[in-house]
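Reader: I'd like to talk through this model with you, one question at a time. Shall we start with the charged pairs?

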Amino acid sequence: MSKTSISQAPPLWKVVLAGLSVLLTILVWTKGLEESFDRPSVTPKLSLHQSEISLLAEPALPKEIKPVFLGKDPKETLKDLLVKIPADQITERESFLLSVINIKDTNNLNMLDRTFDNDGFSQLKTRIFLAEKNKEKLSTKDLDEFRVLSKDPLLYRFVCLSFGSNDSQCIDYQVSNSMAFRLIISQSIPVLSALFGSIFLLRQIWIFFRTRNRKSASSIPDLPLSLIDMVLLVSGGFVVLGEVLFPTLIVPLSIYLTQSFASPIRESLRVFIGYSAMTLPPLFILRSQLSYLKKSERPSDGWLQWKIFPLKTAVLDSVKGWLMVLPVVLLTGWLMNILVGDQGGSNPLLELVLQSKSPIALFFLVITTVILAPLFEELIFRGALLPVLVREFGSTVGVVVSALAFALAHLSVGELAPLFVLGVGLGLLRFSSGRLFPCVLMHSLWNGITFANLVLIGG
């Protein structure tokens, strides 16, 4: 297919197939976004984890910086978060924690009226009621008898303190030091990154308006594929085959292959297998489309302009791009929460990472989110789709439409706006660098830091 052949009328079968693919894509994306409203947001659990880390870190933090990292009263914050959890969703551990945060509060103590399936909680509940009835104190020896508290320093601390023991008996200072480190890192990195990113962004805006040196679409070589080809790639390959048909075939197979593994390794393997299988149809279609292009017209650096080397500039461009897009994404998320509230619909993968403590499970999730996803998604949206859209509609429309398709493809209403902003940032990086590889690195950096933060908070 040469450049001149793009303007020729496509075969009828392509038009029909593309039309059906678009209709199915609209149905799939509409249904997926509607279903994401019913998925719980990961934000409340993140807030709960952060609040628990704050309380555990409190004894190890210097008095001068406590207001900065802990806020006004982390204990009250935790209590408010626990109270907001619906009765049918609160876990036994959360219910028990709520009841002992302030053991003298009758309303909290009534939480212990529930029946606990966990024997440790049941025994401890009975012992607490007896202690309250007889006005006696629980000794450290009493607490040590309950294995349910042995690996839960926060729950142990509240039960211990509520019955008259002192800090030296109730607080594990080694855990406090560890949690203080996590708290400082998890809160400092986003703030500092957003600060430096804002400076870079303002500088870039100033340079742009000062020089008016807008890079044109010439920084992206023309990819002589038609819009129909892109519809078949994105709608037909990515959505219909990748998100609908292949999962229908692969999910039963992945369940069979992973049934002997324990959770959470089982779930992480299924995510890895499912995502890998999803990439096959669009990759096959793109490879077929590129194979029909004339080799004589192929640019020296390839149709997709990977340009891995020089590696140093690719890394620097990706880091700078990540820093500049971060404050805009954070601002977008904040505005959405102010205007709309928590939209829910978080990607289920976020909760899987947050809850997983298995190194093997985390390894497969890292491979999926930090390596496979950036490579595949940048290849499709910034490698193939963006150049064709730019040629047909101009750079602005090309960046916006490719970013919107990127955001919609994740089927998460709660992440739609931030992902759109991220997609715009990746598209602009594609222009400014004239390379695809920095986009992959920036995308990988974004996913990797999000992943690391979830592990840090949930670990």
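Reader: Which side chain meets glutamate 58 in a salt bridge?

Author: Keep in mind that this is a predicted model. Side chains of opposite charge can pair when their charged atoms come close. For glutamate 58 the N to O distance is 3.5 Å, and the cut-off for a salt bridge is 4 Å. The partner is arginine 157.

Reader: How many residues apart are glutamate 58 and arginine 157?

Author: Glutamate 58 is in the loop between H2 and helix H3 (66-70). Arginine 157 belongs to helix H9 (residues 153-162). So the pair links distant parts of the chain, and the separation is 99 residues.

Reader: Is arginine 157 buried or exposed?

Author: The cut-off for buried is under 20% relative accessible area. Glutamate 58, with 23%, is partly exposed. Arginine 157 has 9% relative accessibility, so that side of the pair counts as buried.

Reader: What is the N to O distance between arginine 93 and aspartate 152?

Author: This pair also links distant parts of the chain: arginine 93 sits in helix H5 (residues 92-101), and aspartate 152 in the loop between helix H8 (140-144) and H9. Arginine 93 is partly exposed at 21%, while aspartate 152 is buried at 11%. Their side chains meet in a salt bridge, and the N to O distance is 2.9 Å.

Reader: Which residue is linked with Arg93 and Asp152 in a network of salt bridges?

Author: The structure holds 10 salt bridges, and the one between arginine 93 and aspartate 152 is among them. That pair is part of a network of salt bridges, and the other residue in the network is Glu52.

Reader: Are H2 and H4 roughly parallel or antiparallel?

Author: Helix H2 (residues 43-57) packs against helix H4 (residues 74-83) with the axes 9 Å apart. The angle is about 150°, and angles over 145 degrees count as roughly antiparallel. Therefore H2 and H4 are roughly antiparallel.

Notes:
Residues are numbered from 1 along each chain as its sequence is written. This is a predicted model: local features need pLDDT of at least 70, side-chain atom pairs count only at pLDDT 80 or more; totals for chains, interfaces and linings use all residues. Side-chain values use heavy atoms; hydrogens and water are left out. Axes are lines fitted to C-alpha atoms, for helices over the stretch in contact, and angles run from 0 to 180 degrees between N-to-C directions. Helices (H or I, at least four residues) and strands (E, at least two) are DSSP runs, numbered from the N terminus. Angles under 35 degrees count as roughly parallel, over 145 as roughly antiparallel, 65 to 115 as roughly perpendicular and the rest as oblique. Buried means under 20% relative accessible area, exposed over 50%, partly exposed in between (1.4 Å probe, protein chains only).
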